[in-house]
Amino acid sequence: MSSRTRTRAAGVHTVRIPHQRGRRSQPFLIVVPDRPSLTREVFGFLGRLLWTFRAALAPTGLAVLALVVTALLHVLGWWSGLVLAPLAVAPAVWFGVMQHRRPGHGSTLAWRIALTTLATLTGTWAALAAGFGPWAGPLGLIWLIALIIAQSAWLIVRRTH
């Protein structure tokens, strides 16, 4: 089949190289990159967007990491939930110690209570998710609600301070 009647594959380019003279002429190959596909363009755009706003999306990244880690812990053994159970009590202990050492009033007390509540919810969710699985019962919904609250609070705090 001649090259005139042969159909060319999409993105294939012909590059003509003059004959090399001399004893040491080695054959070589030139690769001409094709235009990227629409899927690659979309993923590239999303990747650049995520990289640009990586600091603003920190709670989302941590929530996804917690979901993966608790799923792995659940697969390794149900008893890993018992190991994480003290994590649920630690924020309440922190709150008691901070209020004893430096008593907070007004907005400081409100932020401490909100932070303690969210951290206690997160620790309790992690222990239950490691024990029963991250999607068991209402744990998936609790994870999503905690993610939305944490991400919203993070964006508010970053804008105001």
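1. A residue is called buried at under 20% relative accessible area, exposed at over 50%, and partly exposed in between, with a 1.4 Å probe and protein chains only. By that criterion proline 134 is buried, at a relative accessible area of 7%. The structure is a predicted model, in which local features need pLDDT of at least 70 and side-chain atom pairs count only at pLDDT 80 or more, while totals for chains, interfaces and linings use all residues. Residues are numbered from 1 along each chain as its sequence is written, and side-chain values use heavy atoms, with hydrogens and water left out.

2. Overall architecture. The chain has six helices and zero strands, and the order of its elements from the N terminus is α-α-α-α-α-α. Helices (H or I, at least four residues) and strands (E, at least two) are DSSP runs, numbered from the N terminus. Of the 161 residues in the chain, 18% are buried. Contact means heavy atoms within 4.5 Å; among the contacts with a separation of 6 or more, 62% join residues 24 or more positions apart.

3. Surface. The chain exposes about 13,000 Å², of which carbon and sulfur atoms supply 69%. Accessible areas come from the Shrake-Rupley method with a 1.4 Å probe, and for residues only the protein chains shown count as cover.

4. Nonpolar patch. Leu38, Val42, Phe43, Phe45, Leu46, Leu49, Leu50, Phe53 and Leu57 make a nonpolar surface patch of about 900 Å². Patches are made of residues with over 30% relative accessible area and no salt bridge; like charges are joined within 9 Å, and nonpolar side chains (Val, Leu, Ile, Met, Phe, Trp, Tyr) within 5 Å. A salt bridge is a side-chain nitrogen of Lys or Arg within 4 Å of a carboxyl oxygen of Asp or Glu. Leucine 46, one of the patch residues, is in helix H1 (residues 38-52) and is partly exposed, with a relative accessible area of 40%.

5. The loop at proline 134. Proline 134 is found between helix H5 (107-132) and helix H6 (139-160). Leaving aside neighbours within four places in sequence, proline 134 is in contact with Leu67, Thr70, Ala71, Trp125, Ala129, Leu139 and Gly140. Proline 134 and valine 69 are 65 residues apart in sequence, with a C-alpha to C-alpha distance of 9.6 Å.

6. Aromatic pair. One aromatic pair is found in a search of the whole structure. The pair is formed by tryptophan 135 and tryptophan 143, and is edge-to-face, at 6.0 Å centre to centre with 75 degrees between the planes. Rings of Phe, Tyr and Trp (its six-membered ring) pair if their centres lie within 6.5 Å; planes under 30 degrees apart count as stacked, over 60 as edge-to-face and the rest as tilted. Tryptophan 135 counts as exposed, at 55% relative accessibility, whereas tryptophan 143 is buried, at 14%.

7. Charge over a ring. Arginine 54 lies over the face of tryptophan 51, at 4.1 Å from the ring centre. The criterion is that NZ of Lys or CZ of Arg is within 6 Å of the ring centre and within 35 degrees of the ring normal.

8. Helix H4. Proline 91 is located in helix H4, as is alanine 92, the helix spanning residues 86-101. Proline 91 is buried, with a relative accessible area of 11%, whereas alanine 92 is partly exposed, at 43%. Beyond residues up to four places away in sequence, proline 91 touches Thr116, Ala119 and Thr120, and alanine 92 touches Thr116 and Thr120. The C-alpha atoms of proline 91 and alanine 119, 28 residues apart along the chain, are separated by 6.1 Å; those of alanine 92 and threonine 116, 24 residues apart, by 6.3 Å.

9. Helix H3. Serine 80 lies in helix H3 (residues 80-84) and is buried, with a relative accessible area of 5%. Not counting residues up to four places away in sequence, serine 80 touches Leu73, His74 and Ala130.
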